[in-house]
Amino acid sequence: MTEQQTPLHILRSVFGYQNFRLQQDAVIAALMRGKDAFVLMPTGGGKSLCYQIPALLLPGITVVVSPLIALMKDQVDALRLNGVGAAFINSTMSIEEQRDVVRAVHDGRCKLLYIAPERLFADGFMEWLAKQRVSLFAIDEAHCISSWGHDFRPEYLQLSVLKEEFPRIPIVALSATADEQTRADVLDKLCIPAAEQFVSSFNRPNLRYFIEAKRNSYARIKRILDARPHESGIIYTLSRASADKLAAQLCEDGYSAASYHAGQSPQERQLHQEQFLRDDVNIMCATIAFGMGIDKSNVRFVIHHDIPKNIESYYQETGRAGRDGVTSDVFLLYSAGDVMRMRSFCDIPGNPRQSAVLYEKLQKMVDFCEAHMCRRQWLLRYFGEDYTPPCNACDFCLSTHESYDATDSVRLVFAAVKELHERFGANAVIDLLRGSESVRLEHRNLPSYGVGKSTPASAWRKMIRELLATEFLEQKGSKYPVLALRDSAREVLYGDARVRLAVEAQPDADDQFVPSRVRKGVARVQQYDETLFEELRQTRRQLADAAGVPPFIVMSDATLIELAAAQPASKQELFHISGLGEVKIRRYGNDIIRCIQSFHEQHGVTRSEVSREERVTEAAPKRQIPRHHDTKSYTFELWRDGKNAEQIATLRQMTVSTIENHLATYVENGKIPLGKLVDAETIAYVRSTMRAMAFKPGMPLKTLYQAMESKVGYGQIRYILAADFPQTEQEQNRNG
């Protein structure tokens, strides 16, 4: 494989990104070896690059199975703007348009072909496909094939025959929301049990989570919108009527809004969707029919007017916000009445197993809303991932809390659950504690009967919710769940373990979670010129209109922010801006530079005399950095996420040499290959110099640095010494 054919070269030259994120490079390597793979990455984590880059390196075509027409169109438009041959076939196309795509495949002009699962198996398409040179199948939204998943689609079950018809062609299944049970089911249904699994973090560090009681919801929504007058956002509602009513109200009050739901005609839905994608409409009021395939990267907020049906849906729908990595907010307005309405959707006639799955998932959603703890910690724990709070980016962590020793009261709850033989729900336990007349006669002689009658039922209910969230209690069953003790609860009931519960200190219900208050806790992106950003946004809009595509496909907000911070003066400098590949720079580079130069002339701005590298470093978005128990491992996580030492140092507010020492530790223990940090030519030069000067462990780094006439930086030297002399690297750092 030549330098021009490497995945990293394609990433940089075609897509305009300098480094891989998460496990993208490992996935690509597996697919290039012909292996099947399952990829779990958060929304906005770059899943599509995992198959788009192999598609450009492998012969023939890559077939992408995608559930929604909107998703196909957006991805194909984005690929074409990057100079990639891509097409889709769906029911909206004429026969002649479909023939054009077939000819493009035959002529080798199409490298990625997007198609819906039902179309894949219709009208002899599989027979036609068998005659083509197919190199890879990519199954997007793969959780749809599993009955254990949150969005099961029967038409996805047909995909099980792909491995039968194309046994030698690798399959990559991709999802942002699949728990362990769902992942296993996907691999079984696709007949790829031995597929390599790549599971990345579910954490979306740029999202801020807020849940509050649903009171005066319209007024609350207006306050959120007023704090974001020019930003794009989605408001999810439970019903079609609610979506229409809310959009109409907002329009009457002067907001730019539209609605979207399955009850509208296809033409109306398409019109409203296009208006939203093209920034003609800022706010989309929608049911869950909207969003699964929406790739709009500059959605800055998502509001759930009603409770989602499960955590997976919530995670996926909130994932519409901040796909470009810029700080974004997600709100959920919660009420018990919405839960009761949602429960009515959980009964699937003739399918008790699926009904049980839906009831259990809804209960988890309720637990999340009612938990008195860090929202991010709860959410990540649901997906099997540890997180140490505070995140400083949720309503709980941004509020003032105190804790108290609740052991005595908690033991009363545990004793009541035990006396009821773990066969009754929360209401029965509360009734027993309060000595209610509704308690069965045979239960009135239990020791727990009436021991908590002086405490209001609401306080007991709140305590039980928190004990569920902190995993002392668990709920078993689906439609009518019962409370059961976990091992940790038994340690409290029978042992000396203590329990402390949190309580908010003097909450201000009137001002809770107001955007202005929230923004004090977590800074948004800093150090870029907002006026220039707006002018670049207008330029992007003009370019998008000329190309007939949504603005975010031309450039993301994250790219505009970086441009407004670095303010490049030449097309050559544009190559250092994330998200601008060679084709986009050829197409739009002159327009971008003219916009920046015009801004300088109009406002009398003189660029700093510092180097471009310093400007770009200073321009790096300042995002909230979660606390981490191990500073070196956190550096390692950021490096695996695609950041270099300079970027990590900026984010962590540390010196570059400190970060280089962290990374050297991971070179030393073999977790970072030396070749990932230092190119082969530099490694050979340093080692040659060491041999020539008879360099030995214990000699100062400065000696080696000076011997090479400062041609190689201290960081690269540290990495090489860590690889060559792993036992003495720390001593080298001290001497250096």
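Reply: Glu534 is partly exposed, with a relative accessible area of 33%. Partly exposed lies between buried, under 20% relative accessible area, and exposed, over 50% (1.4 Å probe, protein chains only). Arg537 is buried, at 19%. Glu534 forms a salt bridge with Arg537, and their closest N and O atoms are 3.1 Å apart. A salt bridge is a side-chain nitrogen of Lys or Arg within 4 Å of a carboxyl oxygen of Asp or Glu. Glu534 and Arg537 are three residues apart in helix H22 (residues 530-547), so about one helical turn separates them. Helices (H or I, at least four residues) are DSSP runs, numbered from the N terminus.

This is a predicted model: local features need pLDDT of at least 70, side-chain atom pairs count only at pLDDT 80 or more, and totals for chains, interfaces and linings use all residues. Residues are numbered from 1 along each chain as its sequence is written, and side-chain values use heavy atoms, leaving out hydrogens and water.

Now take Arg465 and Glu370. Their salt bridge has its closest N and O atoms 3.1 Å apart. The pair links distant parts of the chain: Arg465 sits in helix H19 (residues 457-469) and Glu370 in helix H15, 95 residues apart. Arg465 is partly exposed at 25%. Glu370 is partly exposed too, at 23%.

Next comes Glu96. Glu96 forms a salt bridge with Arg103, with 2.9 Å between the closest N and O atoms. Glu96 is partly exposed at 40%, and Arg103 is partly exposed at 38%. Glu96, Arg99, Asp100 and Arg103 are linked in a network of salt bridges. By this rule, the count comes to 35 salt bridges.

Technical notes. Helix = DSSP H or I, 4+ residues; strand = E, 2+ residues; numbered from the N terminus.
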